[in-house]
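User: Could you take me through this structure by way of a few questions and answers, starting with the ligand and its surroundings?

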Amino acid sequence: MNVTPWEVEGVIDYSKLIEEFGMQPFSEVLPEIDNPHILMRRGAIFGHRDYWRIIEAMRKKEPWAVMSGFMPSGLPHFGHKMTMDEIVWHQSAGGKAFVAIADMEAHSVRGLSWEKTRELGMLYIKSIIALGLREDAVIYFQSKSSHVKDLAFELSAEVNFSELRAIYGFNSDTSLAKMFVTAIQAADILHPQLEEFGGPKPVVVPVGADQDPHMRLTRDLAARISIFSFEPVEGGVRVRSRKGAEYLSSLRDLEFDKKIYEEHMDIFGEAEEIERAVRKIEVEIGGFAFIPPSSTYHRFTTGLTGGKMSSSKPESYISLLDPPEEGAKKVMKAFTGGRATAEEQRRLGGEPDRCVVFELYSFHLIDSDEELNQIEAECREGRLLCGKCKKMAAELVKSFLKEHQEKMEAVDLSNYTIIG
Ligand code: TRP
Ligand code: SF4
């Protein structure tokens, strides 16, 4: 398998991906989440980094945010719907929501005109609002956010070519703009922590697993661009300054027991409290004090004809804007986990875990566990055949699309703040 932000190939083994990328399995935090979303419960979200920060902030009712972005290079489809549902869920769980339209990425990497990125971008915005995004979200086009562009420039001072080559496989033919959009995406992710947006806070970024290289770079940059760094020591935290030891003196008045050394300071007490106090001082003296962002990773959406759902293959996906009838037709042509003949399927049963139709049910179309379990059992036992099953799914897709498009029509953008 080959998984990069610009290419996903081969059969994806998610446990191997967790290991290779160094993510944590989502199952580990799932029991700690109140009313988890179906994408969490049903294993669509399989991995995370530092999601415990979000769980803690939710629990203590402290400020936190959710942020993700969409590259407007084609029409929004069910793959994007996953990210949209995740943003909306986190917003209703108490996070401040940030939604980026990655027009700079679409323009520079995919060569779309600015007009086209705007037109497509508005469809993503209307879609996520139709899916329930509330009005207090910050929605923006990258090219129109000076916070993001200024921060990207600042971050880019911390990155050199060898690092980009190691993370993304860039080479001497890679354009400067394509390199720079990695800093733009890092700025997308970090800017909710700027003072203008309330300062440092945990931020969760729901994304597809292919975006993890961006997360790794961003988490490194969050640390590199901030003044103070933390490491655990017996009974407390060792604080170092990345920008010169003279900054340590600003921590002298902190009300904790401490030992002061030339190049670092050991501060004793509860780690979280210490870090919070140090971050507060960092912000006061003009630093960023970024908390490394958390992330969740969802599976790639299987294309209707197998492989990954991709905006460059129209027959592989159902767009959220497809005419409902057409969406239904695409479902009827989808690959299933069925057997070669009806006789064989009655005898051996179908394979829902290899079935695109079942994936649609599970991640998008059926909320009730009872109903889903029943379909799964009937499929496995050979009592449900694919023809009938697909017809059911086609009907559900048709009514979903109809309703979604009506809601999009009814969206009143004047209630929202859109930077762009
Ligand atoms: N690169 C992402 C994609 O291709 C889009 C994106 C832009 C994004 N900025 C982001 C995703 C910030 C997460 C966070 O889909
Ligand atoms: Fe998929 Fe339905 Fe066929 Fe089972 S019966 S393999 S769930 S289409």
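**Ligand 1 and other features**

Analyst: In this predicted model, a polar side-chain atom of Q185 is placed 2.8 Å from a nitrogen atom of ligand 1.

User: How do the residues of the shell around ligand 1 divide into nonpolar, polar and charged?

Analyst: There are 13 residues around ligand 1, and those that come nearest are G69, E105, Q185, D188 and Q211. At least two residues of the shell are supplied by each of β5 (65–70), α9 (176–190) and β8 (203–208). By class, the shell divides into six nonpolar, five polar and two charged residues.

User: Is K388 buried or exposed?

Analyst: K388 belongs to helix α16, which spans residues 386–410. Its relative accessibility is 57%, and because a residue over 50% counts as exposed, K388 is classed as exposed.

User: Which residue lies over the face of F21?

Analyst: The model holds 10 aromatic pairs, and W6, Y168 and F170 form one aromatic cluster. Charges also sit over rings: K330 lies over the face of Y317, at 5.4 Å from the ring centre. Over the face of F21, at 4.8 Å from the ring centre, lies R216.

Methods:
Residues numbered from 1 in each chain as written. Chains lettered and ligands numbered in written order. Predicted model: local features only at pLDDT ≥ 70, side-chain atom pairs only at ≥ 80, totals over all residues. Heavy atoms only, no water. Phe/Tyr/Trp six-rings, centres within 6.5 Å; stacked < 30°, edge-to-face > 60°. Lys NZ or Arg CZ within 6 Å of the ring centre and 35° of its normal. Helix = DSSP H or I, 4+ residues; strand = E, 2+ residues; numbered from the N terminus. Buried < 20%, exposed > 50% of the residue type's maximum accessible area, 1.4 Å probe, protein only. Near = heavy atom within 4 Å. Polar contact = N/O pair within 3.5 Å; in protein donor to acceptor, adjacent residues only side chain to side chain. Nonpolar A, V, L, I, M, F, W, Y, C, P; charged D, E, K, R; others polar.
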